[in-house]
Every structure is written in C-alpha cells, then in structure tokens.
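Hi everyone, thanks for making time today.

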Amino acid sequence: MSPRRRSAPTTRRTLLALTGAALVTAPLFTFREPAPPASAPPDPDPAPARARTRGLDDPVKKEIAMRLVSSAENSSLDWTAQYPYIEDIGDGRGYTAGIIGFCSGTGDMLDLVELYARRKPGNVLAGYLPALRRVDGTDSHAGLDPDYPRDWRRAAQDRVFQRAQNDERDRVYFDPAVRQGTTDRLGALGQFAYYDTLVMHGDGGDATSFGSIRRRALRSAVPPARGGDEVRWLDAFLDARVWAMRQEEAHSDTSRVDTAQRIFLRARNLALDTPLDWKVYGDSYHLD
C-alpha cells in the first residue's frame with residue numbers, strides 16, 4: 001500500500017517553539033555509538049573503499065539514523081522509549097504516536113494497527129480499527145476517546161506491537177529512503193537526508209512530498225548516479241527540503257536541517273561517521 005501520509009506531525013519540540021517557549025540552557029545529550037556485530041562477515045566487494053562505504057541500512061548507521069530522527073521528533077536520543085508516546089499536538093492530524101509519529105489522520109497509524117491485528121488477533125487495539133478507518137484523513141477522535149491513548153500505551157508494552165512499529169517504519173519510510181539513496185549513489189548522510197524527509201513529508205503527490213522535493217532539487221543539480229557531485233546534490237536537496245518545510249507553519253523551524261544535516265555536509269562527512277555534534281530546536285546532542 002502506498003503511504004497516504006502527506007506530511008509528518010509537528011514534533012513536540014516544534015510545538016513548543018511555535019508557542020514561544022524557550023530553553024534557558026540547552027542540555028547536551030550524549031550516546032555512544034554501538035559496536036558493529038562481532039559476527040559480521042567481511043565485505044566481499046572488491047570495489048574501491050569509497051564504493052564500499054556502509055549505507056544507512058548497516059546496523060550501526062541505522063542506529064545513528066534512529067537517534068538523529070528521535071532528537072528532532074522527541075527531543076531525545078532514546079528512540080526505543082517512544083513506543084508508548086501518544087498525544088494530539090493540534091496539527092490537524094489527530095493522534096500522533098509511536099517511534100516515528102504515526103498519525104490517526106494520515107493513514108500510517110491505521111496501517112500499523114491493521115498489521116498488529118494480523119499478527120496478534122484480538123489485541124487491545126484491534127477494536128479501534130473501525131474508528132481508525134472512519135477518522136482517516138481527519139483530525140477527529142470519534143470512536144477513539146477516551147480510552148485509545150491508554151490502550152496504545154498498554155499495547156506498547158507488547159513486543160509484537162513494538163516489532164510492528166519497527167516494521168512499518170522500515171516499510172514506509174526507512175527502506176524507500178535507502179533504496180532511492182542507493183539508486184542515486186549517495187552515502188549514509190544522503191540516505192539519511194532522504195529518510196528524514198520521508199518521515200516529515202511522506203511521499204504523496206503534493207508539492208511538499210519527498211518526490212516533489214527531489215524533483216525541485218533536480219532543477220539546480222544532479223545526483224552522483226547522473227554524474228553529479230554528491231555535496232552539490234545534497235546542498236540542492238536540502239535547499240528544496242527547507243523550502244518545503246517553510247510552506248507549513250508547523251515546520252517553519254528548519255533547524256533539523258540547518259544545524260544538523262547541513263553541519264555534517266559542511267564537514268564533508270558523507271559517510272555519517274561519528275563523532276557527531278548537532279543542534280535541533282536549541283538542544284545540543286552528541287554521538288561518539
């Protein structure tokens with residue numbers, strides 16, 4: 001099923017910024033990069049080292065990507081603590097929940113709960129499926145209140161539901177980003193830029209979707225797969241991404257690009273190697 005999500009929910013940090021809240025001091029969040037699996041087989045590819053650079057689907061790089069997105073979506077590097085998160089943040093998309101901001105009004109929450117019901121019939125959320133189908137495309141809570149948030153948090157203790165969240169995140173957002181990034185011959189940073197864009201904007205048919213953002217970037221640059229320079233291409237893509245963000249008030253704070261992805265690009269860290277230092281919505285983060 002193609003994603004019906006037009007754009008991701010306002011993050012909790014964005015909501016605070018829009019209402020004028022400010023931090024007196026910016027906390028520094030530090031995590032150490034997980035070691036690669038000891039049993040990982042050697043790379044059989046005889047190509048030059050640049051071509052063998054690990055992509056974002058490498059387990060270590062993927063963990064970095066999850067933490068980077070969580071810093072923007074949840075003001076935390078602990079993305080695994082977000083399974084039970086749920087609230088209506090007033091952005092017109094109904095309930096926002098889980099590790100990637102699944103929304104009751106944009107279809108991806110419905111897809112997730114349907115997957116959970118297939119894997120575990122009769123689960124605590126299965127009874128909400130008729131209501132989720134009715135509210136899809138709206139900000140309504142009809143048939144969900146008052147118990148849906150409580151039951152979501154109960155479901156989030158279930159490893160089956162946690163796995164379903166992981167799998168839907170990968171199917172709808174992560175895997176398509178890696179595929180397109182690989183096709184464009186981008187390193188881990190470029191693949192991450194695609195992933196973060198899909199998380200926020202989805203890949204629908206509107207002017208601010210991922211596909212439209214990429215087409216806008218093609219007006220001024222071409223990806224390496226077409227003979228272009230990777231840095232120049234990513235600069236053009238991020239320019240187009242910022243333009244898209246500014247089309248919606250809820251996304252007008254572009255720091256998740258300006259003081260995060262741009263920082264890595266300026267350092268020519270196309271492999272997204274640690275250590276990494278960045279800021280999102282005024283908060284500082286570090287990964288060793």
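This is a predicted model: local features need pLDDT of at least 70, side-chain atom pairs count only at pLDDT 80 or more; totals for chains, interfaces and linings use all residues.

Okay, here it is: Asp58 counts as buried, because its relative accessibility is 17% and the cut-off for buried is under 20%. Its partner is Arg54, and the two side chains meet in a salt bridge, with N to O at 3.4 Å. Arg54 itself is partly exposed, at a relative accessible area of 34%.

That is one pair out of a longer list. By the rule used here, the count comes to 23 salt bridges. As a reminder of the general idea, side chains of opposite charge can pair when their charged atoms come close.

Now move along to helix H6, which covers residues 159-183. Here Arg171 forms a salt bridge with Glu168, and the closest N and O atoms are 2.9 Å apart. Why are these two about one helical turn from each other? Because they sit 3 residues apart in that helix. As for accessibility, Glu168 is buried, with a relative accessible area of 6%, while Arg171 is partly exposed at 34%.

Next, please turn the model to find Arg256 and Asp196, whose side chains meet in a salt bridge at 2.6 Å, N to O. Arg256 lies in helix H10 (residues 255-266) and Asp196 in helix H7 (residues 188-201), so this pair ties together parts that are 60 residues apart in sequence. Arg256 counts as buried at 3% relative accessibility, and Asp196 is buried too, with a relative accessible area of 2%. The pair also belongs to a network: salt bridges with shared partners join Glu73, Asp196, Arg241 and Arg256.

Last stop, the serine I promised. Where is Ser76 found? Look in the loop between helix H2 (59-74) and strand E2 (86-87). At 18% relative accessibility, Ser76 counts as buried, since the limit is under 20%. Its side chain reaches the backbone nitrogen of Asp78 at 3.0 Å. Leaving aside residues up to four places away in sequence, Ser76 touches Arg67, Ser70, Ser71, Gln82 and Tyr285.

Notes
Residues are numbered from 1 along each chain as its sequence is written. Side-chain values use heavy atoms; hydrogens and water are left out. Helices (H or I, at least four residues) and strands (E, at least two) are DSSP runs, numbered from the N terminus. Buried means under 20% relative accessible area, exposed over 50%, partly exposed in between (1.4 Å probe, protein chains only). A polar contact is a pair of N or O atoms within 3.5 Å; within protein, one must be able to donate a hydrogen and the other to accept it, and residues adjacent in sequence count only if both atoms are side-chain atoms. Contact means heavy atoms within 4.5 Å. A salt bridge is a side-chain nitrogen of Lys or Arg within 4 Å of a carboxyl oxygen of Asp or Glu.
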